[in-house]
Every structure is written in structure tokens, then in C-alpha cells.
Protein chains: 2
Amino acid sequence: LIPADIISKKRDGQALSKNELNYFIKEYLSGSITNSQMSALLMAIYFKGMSDRETFVLLDVMLQSGSILNFENSKEYIADKHSTGGIGDKVSLILAPLMAAGGLKIPMIAGRGLGFTGGTVDKIESIPNINTNPSMEVFKDWIIKNRCAIVVQSNKIAPADKKIYSLRNLTGTVPSLPLICSSILSKKIAEGIQGLVMDIKIGNGAFLKTKKDAISLGRLITNIGTFYDIKTNIVFSSMDQPLGRFAGLACEVTEALECLNGNGPNDTMRITFELGSHLFLQAGIVNDKNAALKKMQALIDSKKALKYFKSMVNLQGGQLDDFKNITKPKYEQLVHSNKSGIINFMDTEKIGWALLDLGCGYKKPDDKLDYTAGIEFYKKVGDEVKYNDPLYRVFNSDLIRLEKVSHLLLDTFNIGNKGKPLELIL
Amino acid sequence: LIPADIISKKRDGQALSKNELNYFIKEYLSGSITNSQMSALLMAIYFKGMSDRETFVLLDVMLQSGSILNFENSKEYIADKHSTGGIGDKVSLILAPLMAAGGLKIPMIAGRGLGFTGGTVDKIESIPNINTNPSMEVFKDWIIKNRCAIVVQSNKIAPADKKIYSLRNLTGTVPSLPLICSSILSKKIAEGIQGLVMDIKIGNGAFLKTKKDAISLGRLITNIGTFYDIKTNIVFSSMDQPLGRFAGLACEVTEALECLNGNGPNDTMRITFELGSHLFLQAGIVNDKNAALKKMQALIDSKKALKYFKSMVNLQGGQLDDFKNITKPKYEQLVHSNKSGIINFMDTEKIGWALLDLGCGYKKPDDKLDYTAGIEFYKKVGDEVKYNDPLYRVFNSDLIRLEKVSHLLLDTFNIGNKGKPLELIL
């Protein structure tokens with residue numbers, strides 16, 4: 001087995017054998033196959049794809065490279081949610097405690113910001129002192145005690161995926177369905193889950209710009225879920241505008257708290273309930289979607305879901321006291337409408353890149369985040385605006401970056417004569 | 001300028017700007033762009049190609065990354081020959097002194113074995129004590145004194161090409177026309193030449209398997225040559241069987257000496273004279289091809305070309321005394337015909353890989369070569385053979401490797417009812 005030959009084989013469009021993939025990834029983890037060779041293979045996979053069988057093998061090698069959580073004889077249904085990422089998507093922060101309040105275990109391994117999309121772990125880390133990188137034992141203990149926790153992928157969970165993932169971000173090999181799929185699922189399966197609901201986002205602020213790609217990914221994830229005996233549901237949702245009223249770091253935690261307090265924006269609650277109803281149905285604790293929606297509303301109204309959020313933060317060492325004051329931005333600016341009319345387009349990806357510039361994400365792997373940074377959206381697509389109406393409130397604690405981003409944002413919306421609100425669930 | 005964005009741009013099929021290519025290669029040389037990122041870009045170039053304009057820029061950045069030889073006011077025409085590589089191709093060893101004897105300057109920067117093809121530098125290094133890696137000043141001095149020298153690419157000549165080239169061999173990104181072309185020509189142009197003749201080999205023992213690819217490469221090289229004011233001729237030749245009677249290391253030097261002594265095999269002399277006649281015509285020292293052929297034959301007959309070979313080796317510190325004895329292999333075996341008939345096919349690439357196994361090339365970058373190793377070919381395609389006739393004599397100084405290779409070689413020819421000699425010049 002010669003690494004360059006394996007790369008050339010994939011480059012020429014041939015399927016790699018289990019043996020070849022196994023060898024390549026193991027030697028890569030051990031360091032005898034270099035980052036350069038892995039990058040070349042990843043780019044060849046980008047162009048030539050992988051069969052389902054190859055994707056299964058890739059995923060399994062990545063999964064087996066680390067530990068797998070095992071909640072022996074759990075009385076509760078163990079599940080998780082994953083989103084392909086977007087702008088203002090704080091649903092995980094709401095859904096994890098909501099599902100835990102409903103009786104499910106949610107051992108959530110979440111991600112950091114990637115490309116132009118925000119990261120759940122970055123957002124929750126705006127809570128002072130919160131620990132998102134516990135040992136496997138402590139993570140398991142948190143789940144047993146509180147039924148939900150949100151942590152980052154440790155070196156113990158699918159380390160091959162972790163090593164490959166950091167390479168993909170630097171080498172233009174992120175948007176490949178078999179790579180996306182094996183990466184997502186190697187982490188999720190390592191959580192020892194029985195059920196999964198996937199929020200596959202489509203639109204100008206999502207990795208997947210077309211329905212076709214989204215359906216391919218959904219099909220692949222369902223196939224693999226089935227293979228691993230994981231009940232899998234897919235929700236396709238629109239990412240043609242930011243989700244909710246806020247996008248950023250601490251401001252999204254604050255908005256999630258608002259949602260758990262019963263004051264969340266419609267779109268955010270709608271998608272949260274859509275995803276949650278699948279998990280409640282999978283778990284068999286309700287008989288139909290209507291009952292699931294009612295149960296979730298009750299868990300919000302009774303503040304039981306909020307209680308699970310607070311106990312989760314508490315177990316993870318985080319301090320919510322005075323959170324809003326601590327994460328108050330030093331500066332803010334308004335971005336105004338340049339004419340009267342109806343908003344008919346928001347360039348959501350560009351808003352995502354602007355959030356990076358504001359301090360909410362990584363342009364280089366070791367960039368320092370500004371937890372106070374974010375954008376408040378006063379208007380959505382389909383809304384009428386007048387000339388000089390404020391559209392966005394932009395805030396952070398670095399005036400130079402703020403000025404730059406305010407300018408960038410002028411180029412992220414279009415106002416015309418007509419336009420209507422977007423469908424959220426596709 | 002963000003490296004991952006540049007990679008993604010090429011991945012998506014867009015042309016890179018001069019600025020982007022410049023930045024990427026310079027930062028790669030300085031180390032701030034990693035091997036992984038370069039590998040990913042190379043693989044994207046493999047798939048998406050490059051426009052002529054991009055190839056020009058790539059070549060120019062690689063060229064400008066190092067020194068360029070300058071023979072101020074040279075009275076002699078300065079030229080070189082390059083071959084895309086094959087099995088048994090010792091033409092450079094004959095052509096360089098032949099052209100020097102005819103009055104041209106040939107500052108030849110040659111290569112080491114690559115993939116399954118042999119390397120001129122590896123072959124000449126079978127001569128004890130020969131120095132193939134002089135400083136630029138010494139190289140220039142050799143050329144001024146003797147009009148020809150054969151050296152390896154130093155760190156001073158197109159270092160960007162050198163760094164990229166070693167990566168390509170390990171990452172399955174060798175067979176890309178713009179990469180091949182810019183790599184060849186960055187070295188050749190750095191020699192300060194006025195003329196170039198390219199031997200583009202086509203066939204089962206060449207990198208280029210089809211006429212179409214060969215013509216594309218020829219077109220690209222001619223365009224770039226013209227751009228740099230270099231007179232450029234292309235010869236297309238067949239590599240569907242080894243060239244000459246020997247392939248290996250010292251044995252090819254010995255065969256080259258035979259050629260310079262007037263005892264060379266027809267095919268080797270034919271292609272040498274074909275290439276040489278282009279250079280003599282370019283230089284204007286003959287008026288037609290016939291005169292060129294006559295002049296070359298005279299330089300062989302008078303031993304003047306041989307004298308230039310010997311003085312070249314001498315200047316480079318090599319010792320030819322007792323060369324045949326010093327490089328005598330310890331072991332040899334014959335490979336016999338398994339039936340009677342006519343040889344109608346030789347798997348030349350497989351013979352090339354067998355030569356690597358024998359000790360004539362690199363399976364890993366730091367493999368040690370066996371200069372005594374090689375194969376003598378008793379028969380060519382179109383020759384009649386009887387059952388048990390010897391076809392190859394295989395030799396080296398490592399019995400285990402020899403046994404292995406003798407077995408491999410049984411699978412490198414086909415004997416049928418009919419077959420005819422191959423055309424050499426296409």
C-alpha cells in the first residue's frame with residue numbers, strides 16, 4: 001500500500017477498498033502519512049465523491065479511532081440534534097434543555113464556528129467559567145445527573161475526524177457531502193445515541209445552496225443512521241435570512257434564555273418545536289406531533305426547560321448571574337435603510353462573514369473571540385421599511401471593527417417594490 | 001488574500017489572478033502557506049486545469065524564485081533538450097556532448113528518476129566521484145570551459161518548483177499538463193537558453209499515454225517558449241518499448257559511450273540525431289536537416305563528441321577509468337520466452353517499475369540506488385522469438401531483488417502470431 005497510489009486511485013475515480021481507507025487514516029493519525037497527502041486525498045474526494053460504502057468505511061474508521069459513550073441500560077431515550085449551520089441558529093441551546101425536561105438524554109457534542117457560520121460551543125462559552133471540554137467520564141456524569149450537556153469534541157471523540165476537520169477548513173475541502181456526512185455522524189454516533197434529528201439548512205446563508213445537495217445529504221445521513229440502528233429524521237429549513245432576532249455570541253445565549261422564558265421569536269420557536277417533535281415521537285413519549293407540540297409548550301410555560309438550561313450551565317461550572325451586564329458591548333451602531341420599500345433579499349452568508357469581522361468567529365484558528373459582539377435584526381425579508389429606518393443594530397467592544405462591519409452590512413440587503421415573508425420549514 | 005479562498009476559487013473552476021498565484025507561491029516558499037494547502041491547490045489544478053495565462057504566471061513566479069544563468073555576449077548558441085521521460089532513454093548523455101562538439105553551449109539541468117521513469121542525473125552519478133550539484137558559478141564556469149555539463153536542480157534554480165515538485169510525487173499530482181509544463185520550463189529558462197528541443201514521449205512507458213495530451217503539452221510549451229524568446233521544437237516519439245539495448249544506471253552510461261564510439265543501437269542514434277538536427281538548425285550552423293545529420297555523424301566518427309563527454313566528466317570530477325569493471329553487477333539472470341512467435345507488446349511502464357525494484361530508482365525519496373543494476377533487452381517488438389529464447393538479461397548486486405524482478409518481468413511482454421516493428425518518431 002503506497003499513499004500516493006491510493007490518492008491517485010481516488011483521483012482517477014476508482015472506489016477505495018476498506019483496507020486502503022483503513023490504512024490511509026490510521027497511518028495519517030500515527031503521522032506517517034502527512035497532512036499534504038491527506039489534503040490531496042480530500043481534494044480528490046471533493047471532486048470524485050465516495051460511494052455510500054466508502055463513506056460508511058470512512059465514518060467507521062473515524063468513529064473507531066476514539067471512544068464511544070455507553071449509557072448502559074439507560075431508562076431514558078438518548079438522542080441528539082444536529083444542524084448543518086447558519087446565522088443566528090441558537091436552536092441547540094434551547095432544544096437540549098427542552099428535550100431533557102421532556103425526559104430525554106441529550107449528550108450534545110457541538111462545534112465551533114466554521115467558515116461563515118456560528119458555533120454553538122463559541123456561543124455557550126460566552127457564559128463565564130463554563131467548561132465545555134470535560135473528560136468522557138465527567139461528560140457522562142453530567143448527562144446522568146442532568147440529562148443534557150453541551151461540550152466540544154475532545155481528543156477522545158473521533159480524533160481522526162478532529163484532525164481531518166481542521167485540515168479541511170484550511171484547504172478548501174469543507175463542502176463535500178461524504179466528508180460532511182462522515183464527520184457529523186462519527187461525532188454523533190460516538191455519543192451513544194438512539195435517535196437523531198438533523199436540521200439541514202438550505203439557502204444563501206447555508207453551506208448547501210441547493211435543494212438537490214440537501215436531499216443527497218439527507219439521504220446519506222438517513223442511510224448511515226439506519227445502518228447504525230439510529231432513528232433518524234431530517235428537517236429541511238431555510239437559511240435565506242438569519243434565524244431569530246440576534247446573531248452573535250452572548251446575545252444568542254440571551255435570546256435562547258428569552259425563548260426558554262416564553263418570549264422567543266416565532267421563527268426560532270417554530271424550528272425548535274419542529275425538531276423537538278421528531279425526537280419526542282422517536283422516543284415514544286407522545287403519540288402524534290400535536291401532542292409533542294403541546295408538551296413542549298407546557299415545558300416552556302412551566303419554566304421546566306429553563307430550569308434544565310440553568311442546571312446544565314451550573315453543572316458545567318458556568319455563571320449566569322449578571323450575565324447580561326458582563327457581556328454588554330462597549331459600542332453599537334445602527335445600520336439604516338437606504339430607501340423605502342420591501343426587503344426582498346438578505347445576503348445571509350455576507351452577514352455571516354461580517355459577524356466574523358465583528359469578533360464572533362475565526363478567520364485564523366487561534367483568533368480571540370469578542371463575546372459581546374453581535375447583530376440585532378429589526379427587519380426580516382418581506383417587511384416594509386421606510387427610508388432611514390434602522391435595519392440592524394451592530395455591537396461589539398472594538399470600535400475599529402465595528403465601523404468596518406457597519407459599512408460591510410450596507411451591502412447585505414435589497415429593498416424593492418415587492419417581496420413576501422420566507423417559508424421557514426421547506 | 002486568504003489561502004483557503006484561493007484554493008476554493010481554483011476548485012470551483014475560476015482562473016486565479018497573477019496577484020493570487022504570486023501570493024500563494026511566495027507565502028508557500030516562506031512557509032506561511034503549508035504543504036497541505038499547496039497539495040490541495042495542486043489537486044484542484046489537476047482537476048480544473050489552468051489557462052495559458054495562469055500557466056505563464058505560475059512558471060514566471062517559479063522562475064523568479066531563483067537565479068537565472070546569464071552567459072553575457074556568448075558567441076555560441078545556448079540550447080538544451082528535454083524529454084518527458086521513459087525507459088532506457090539515455091539520449092541526454094549523448095546529445096549534450098554531441099551538441100557541444102558541434103559548437104553549442106548546453107547547460108543541462110537534468111532530473112532524477114520520477115515515478116517509473118529513469119533519471120539522467122541518477123545515471124551519470126554511477127560515474128565515481130562525479131559532482132552534479134555545483135554552485136551556479138562553477139556550473140557556468142564548466143559551460144564556458146567545455147560547453148556542456150549535466151547537473152541536478154540546485155536550491156538556487158527555481159526553488160519554488162523544487163519544493164512543489166517533491167510534493168507532487170507524494171500526493172498524486174504529477175500528471176497535470178500546466179504543472180508539468182511550468183515545472184519543465186522554469187528550470188530550462190533558468191539555464192539562460194536561446195533554444196530548446198523537447199522530446200515528448202507517448203506510449204505505455206510514458207507519462208502521456210495519448211497523442212491528444214502530448215499535442216496539448218507541445219502546444220503549451222511552444223507558446224511559452226515563444227513568449228520567452230526561446231526557439232522551440234517539439235519531437236513526438238514512441239515509448240511503447242524501451243529505448244536502446246539497455247535500461248538501468250551504469251549500463252546506460254556504458255551504452256551512451258558505445259553510441260559516442262559509433263556503435264550505438266539504431267533507435268537511440270535515430271532519436272538523438274532527430275533532436276540534435278533541430279538544435280543545429282536553430283543555431284544556424286547548418287542549412288538543412290541533411291547537413292545536420294552529416295555533421296553529427298562526422299562528430300561521432302571523429303570521436304570529437306566522445307572527447308566532449310570525457311572532458312565533461314573530467315571537469316565534473318568524475319573518473320571513467322575502469323568504469324565498466326567498477327560498475328559490474330554481482331548477479332544476473334536471463335528471462336526466457338514462454339512460447340514461439342512474434343513479440344507484439346511490451347509493457348514498458350511495468351518494466352520501469354521493475355527497474356525501480358531492481359535498484360535503479362526511488363520508491364521512497366531517500367532510497368539508495370544500485371548503480372550496477374539494469375536490464376539488457378535482446379528483443380524488440382516485431383522480433384521473432386522461439387520458445388525458451390532469452391528475452392532479457394537482468395542484473396544487479398542484490399540477489400533477493402533480482403529474483404523478485406525476474407518474476408515480475410515474465411509479465412511484461414506478449415508473444416503472438418503477428419506483430420511489426422514500432423515507429424520511433426511519430
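1. Of the residues of chain B, B:Ser36 comes closest to the rotation axis, with its C-alpha at 2.0 Å. That axis belongs to the superposition of chain B on chain A: a rotation of 179 degrees, a shift of 0.1 Å along the axis, and an RMSD of 0.1 Å. The two copies are thus related as by a two-fold rotation axis. Please keep in mind that the model is predicted.

2. The interface fits this picture. Of the interface residues of chain B, 100% are also interface residues in chain A, so the copies meet through the same surface.

3. Next, helix 10 of chain B. The helix runs over residues 211-227. Which of its residues are buried? They are B:Ala214, B:Leu217, B:Gly218, B:Leu220, B:Ile221, B:Ile224 and B:Gly225. These cover an arc of only 165 degrees around the axis, which puts them on the same side of helix 10 of chain B.

4. The other face of helix 10 of chain B reads differently. Turned away from the buried side are the exposed residues B:Lys211, B:Lys212, B:Thr226 and B:Phe227. The cover over the buried residues includes two helices of chain B, helix 4 (52-64) and helix 9 (177-190). It also includes strand 4 (195-202) and strand 5 (231-238) of chain B. After helix 10 of chain B comes B:Asp229, with a positive phi near 60 degrees.

5. B:Thr55 has a relative accessible area of 0%, so it counts as buried. What does B:Thr55 contact, leaving aside its neighbours within four places in sequence? The partners are B:Met50, B:Pro178, B:Ser182, B:Leu220 and B:Ile224. B:Cys181 is 126 residues from B:Thr55 in sequence, yet their C-alpha atoms are 7.9 Å apart in space.

6. Compare A:Asp122, in helix 6 of chain A. At 0% relative accessibility, A:Asp122 is buried. Setting aside neighbours within four places in sequence, its contacts include A:Gly111, A:Arg112 and A:Gly113. A:Leu249, A:Tyr362, A:Leu369 and A:Tyr371 are also in contact with A:Asp122. A:Ser238 is 116 residues from A:Asp122 in sequence, and the two C-alpha atoms are 23 Å apart.

7. Helix 16 of chain A deserves a check by eye. How far does this helix span between its end C-alpha atoms? It covers residues 348-360 and spans only 15 Å, whereas a straight helix of 13 residues would span 18 Å at 1.5 Å a residue. Helix 16 of chain A is also mostly covered, with 10 of its 13 residues buried. Among the buried residues are A:Thr348, A:Ile351, A:Gly352, A:Ala354 and A:Leu355. The list also includes A:Asp357, A:Gly359 and A:Cys360. Four strands of chain A pack against the buried residues: strand 6 (246-248), strand 8 (341-346), strand 9 (374-377) and strand 11 (390-396). Helix 17 (399-409) of chain A packs against them too.

8. Now the cavities. How many of 30 Å³ or more does a search of the whole structure find? The search finds eight. The largest cavity has a volume of about 120 Å³. Its lining has 21 residues, and B:Phe116, B:Thr117, B:Gly118, B:Leu355 and B:Cys360 lie nearest the centre. Strand 6 (246-248) and helix 16 (348-360) of chain B each supply at least two lining residues. Helix 16 of chain B gives the most, with four.

9. Last, two backbone points in loops. Most residues other than glycine have a negative phi. A:Asn129 has a positive phi near 70 degrees. A:Asn129 is in the loop between helix 6 (120-124) and helix 7 (136-146) of chain A. B:Ala158, also not a glycine, has a positive phi of about 40 degrees. Its loop joins strand 3 (148-152) and helix 8 (159-170) of chain B. Are these two residues buried or exposed? A:Asn129 counts as exposed, at 55% relative accessibility. B:Ala158 is buried, at 0% relative accessible area.

Methods
Residues are numbered from 1 along each chain as its sequence is written. Chains are lettered from A and ligands numbered from 1 in the order in which they are written. This is a predicted model: local features need pLDDT of at least 70, side-chain atom pairs count only at pLDDT 80 or more; totals for chains, interfaces and linings use all residues. Side-chain values use heavy atoms; hydrogens and water are left out. The expected span of a helix is 1.5 Å times one less than its number of residues. Buried means under 20% relative accessible area, exposed over 50%, partly exposed in between (1.4 Å probe, protein chains only). The arc is that of the directions from the helix axis to the C-beta atoms. Contact means heavy atoms within 4.5 Å. Copies are superposed by least squares on the C-alpha atoms of residues with pLDDT of at least 70 in both. On a 1 Å grid over the protein atoms alone, a cavity is a set of points where a 1.4 Å probe fits but cannot get out, and a pocket is an open set with protein on both sides within 12 Å along at least five of seven lines; lining residues have an atom within 4 Å of a point. Grid points are joined across faces, edges and corners, and a volume is the space filled by probe spheres set on the points.
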